[in-house]
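The sequence and structure come first.

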Amino acid sequence: MTEHAARTGAAAATVSADRQPVVSMRGIGKAFSGVPVLRGVDLDLYAGEVHALVGENGAGKSTLMNILAGVLPADAGDVQLDGEQVVFSSPRAAQQVGITIIHQDFTLLGDRSVAENVFLGREPVRAGRVDRARMIAETQSLLADLGESGISPRTAVRRLPVAKQQVVEIVKALAVDARVIAMDEPTAALADHEVALLYTLVNRLRERGIAVLYVSHRLREVFDLADRITVLKDGALVASRPVRGFSTDELVRCMVGRPLSTFYPPAAGPAGDVVLELRGAGNDRIHGVDLELRAGQILGVAGLQGSGRSALARALGGAEPFTSGEVILTGQARRIRSPRSAARLGIAHLTEDRKGEGLALRQSVRDNTLLVRRSALTRASRRRLGEVDVAALLRSVELNTTRYDGDVAHLSGGNQQKVVLAKWLAAHPSVLLVDEPTRGIDVGAKAAIYQLLRDLAGRGAAILMVSSELPELIGLSDRILVMHDGRPAGELAAGASEEAIMALATGHSTEMADKADDRVPR
Amino acid sequence: MTTPPARRPVVGRVDFSNPTHSVYAALAAILVSGSILVALQGGVYLDSAGVLSILSDSTALGLVAIGQTIVILCRSLDLSVALLIGLCSLVAAEIMDGRTSMVVPAIVATLAVAALVGLANGLIITKLRVNAFIATLGMALILRGLLEARYTGPAGDTPLSFQQVGYTRIGPIPVSALIVLALAAATWWYLTQSRAGYHVYAVGGSPEIARLSGVRTDRTIISAHVLCSLAAGITGLYFAARLDSGSPFVGTDGAYDLQSIAAVVLGGTLLAGGRGGIVGTIGGVLILASLDTLFDDLGVNPFFKDVVRGVVIIVAVAIYARRAVDPRRRVERSPAEAGAAP
């Protein structure tokens, strides 16, 4: 750590000798309900530079960015703009001095038009009236700059596909006369040609002298675009240097801080019998899905946002049921009509939105743990399964708390996820559907969740794991199903490359996967 | 390059996926089928008495519903309007006390009282973070207590000059209906042309997204409540003119709190906010009033009238609900995009 700190200092010194950063953040600290997520982080942004901020999920990247953009207040440290200390009380305050953010979750209003979204909060007024003509014209020209003149500024945003919504999001940030633009995982939802577009755009921003803070966990993008890289790990600064100072291996080591081999538990023995089979299953969001889930195996499901990867889990879990095709559970054709019927068939569904759909936040740990068992199971099956020992159950998921009567809201993200897992284990499922199981969870809890999932598989559960994080999919899955445009695009064996997955996910054939590297935009 | 879905061509024909269009189509259907039904019984539905009846039925409800539309659009609602109407009618009538010279001061005072109540509602909802339902229900109880402590029945007196506003007609069209129309037009302008109106829709769509985009969400909600209460205040003035005096429970007797919410929702505005508008609300008000007049003409049992009203509201909202998909979850895919996979 001291070695890193020394290097950081040296790098900062060489740059600050010739020019002053636009934004300088010093000693930034932040904690959420007592859990520190940032500890004394420094960050300098220079005009005309792309500064990549990397680190694992939960490393504190988004939090740091949100503090910069006035979305969250910092607990400690200060922010300087052009050498003068500033405190942003709101995103508006940050916007007014030219600091704007593109959020990972879209901040667009579905019912309003593209132009209305782009100018939200800053509508031009002429003679007391919103100048709609000007809004439309300016939006049109910004869209044209991005080569997206096909998008009409008058279209309601909810009528646009996800990738186009992202374009609107970028236009919205550009429309502010920004000096600093922070981008949070801007390519997460983009297809290949749009990524190329984003590259062009980011380069254009740099030429205009804008300071870009680029948060991404896709290392290729970082090396392609960044002038400078800062690595965060567990909320602390690990390294901050010009991009030439890093090799890929070194960057990965900085980010992960441990060899990947111990992070993901090794696969268990050979796969067992087919537990669940889909034949041509579909609904209005996914179509013609054939798949087999085997006891003891983890099937990873990859795909871009909106590809139907979550819709598949939601259909199997009964949240948004299949309307066509067959579901065969241990040899019998079944219909999954609702989450209740899924639970009764022994299917557990850990949803993507843990706080919104997985937990009753204001109820106790104990009540949450017993939720599925109490509400969904029949009296007969409860009797058959026997009494539940909540304490033993929570110990089995390695939950580090004894305050079972406390609100589940007070637990950390990792512990909350363990409660969701325990709640389903109380119903003794044979199939587990886990959607983004480690989103927003710190690295330590992540490893525990991976181990728990692998152990469950080892004890005969069939697991379907949806994830947007390729390392996690590759590290944990026995097979990987890739979804594209609501359909399965192909299935890959364990240890598939990120390129192979992305090629399928973006709609290219398996044959092209080998050439993935050549295809990627410069 | 994929092309985005073009706007659905709606000019010159009715687009049933647009609630506003459906509302007016339904209104037309009621007027036409009503005319036939009444004619079969040997009467005339839309003679000048019929039109007058529909319009005067629409006046008070229309006024309240205009205000209610604004608060519902920004994901709030106001249950205190009915009692505020009574309070305002009393303030107006007591200050006027039969004197023409006091008409203007009385109007000013009435609107000031209304604005204050709206301001209180807005502040309670935004600063104390009390749910709008509870906040305005509490305000309604407070107003009821104040009214019951001071009044047992009508009080005050409005001068003849002021009463004329309530009764003067141009042909079959009452002046008060024109005032409603003018207010509706002003509100339409506010909601669709002014920056504040844009923010009403944004806050209703998502308070958090609006906040992150730099909208002053509290200010938007407070303004909406002030405007809603002003509309209730104007309704109070209207009743003071119609009834020659102030009447504490004229608003609650007409159930204008829930009726106005029903009219707004019937007009296609999402109760969750962010979608809808004043044009639909006026349609909703006219539908309720047309049904009332129609049932009177047909001599339908008054209890059955309420049953039909209830059914109409529920069916309408059920139809809208089928289209009110969550934009975050279900993104409509353009045909070009769906077929673009290489």
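Which residue of β5(A) is the bridge partner of A:V79? The partner is A:V86. The model is a predicted one, and the pairing belongs to a set of three bridges that join strand β4 (residues 76-81) of chain A to β5(A), the two strands running antiparallel.

These strands are part of an open sheet of four strands in chain A, ordered β2-β1-β4-β5 and paired antiparallel. β2 (35-45) and β5 (84-86) of chain A each have a single partner strand and stand at the edges, so one side of each has no neighbour in the sheet. From one strand to the next the twist averages 30 degrees. Helix α2 (residues 61-68) of chain A lies across β1 (23-32), β2 and β4 of that chain, at about 120 degrees to β1(A).

Confidence in chain A has a mean pLDDT of 84, with 89% of residues at 70 or more. The lowest mean, 38, is in helix α22 (residues 516-519) of chain A, and the highest, 96, is in strand β20 (residues 462-466) of chain A.

| Stretch of chain A | pLDDT | Contacts beyond four places in sequence |
|---|---|---|
| residues 1-17 | under 50 | 11 contacts |
| residues 510-522 | under 50 | 16 contacts |

In chain B, the axes of helix α2 (residues 48-73) and helix α13 (residues 278-298) come within 8 Å and cross at roughly 145 degrees. The crossing of α2(B) and α13(B) is right-handed. Contact residues include B:G50, B:I54 and B:L61 of α2(B), and B:I282, B:V285 and B:A289 of α13(B). By class, the residues of this contact are 10 nonpolar, eight polar and three charged.

Technical notes. Residues numbered from 1 in each chain as written. Chains lettered and ligands numbered in written order. Predicted model: local features only at pLDDT ≥ 70, side-chain atom pairs only at ≥ 80, totals over all residues. Axes fitted to C-alpha atoms, helices over the stretch in contact; angles between N-to-C directions. Left-handed = near helix turned anticlockwise from the far one by under 90°. Contact = placed C-beta atoms within 7 Å. Nonpolar A, V, L, I, M, F, W, Y, C, P; charged D, E, K, R; others polar. pLDDT = per-residue confidence, 0-100. Pairing = 2+ DSSP bridges.
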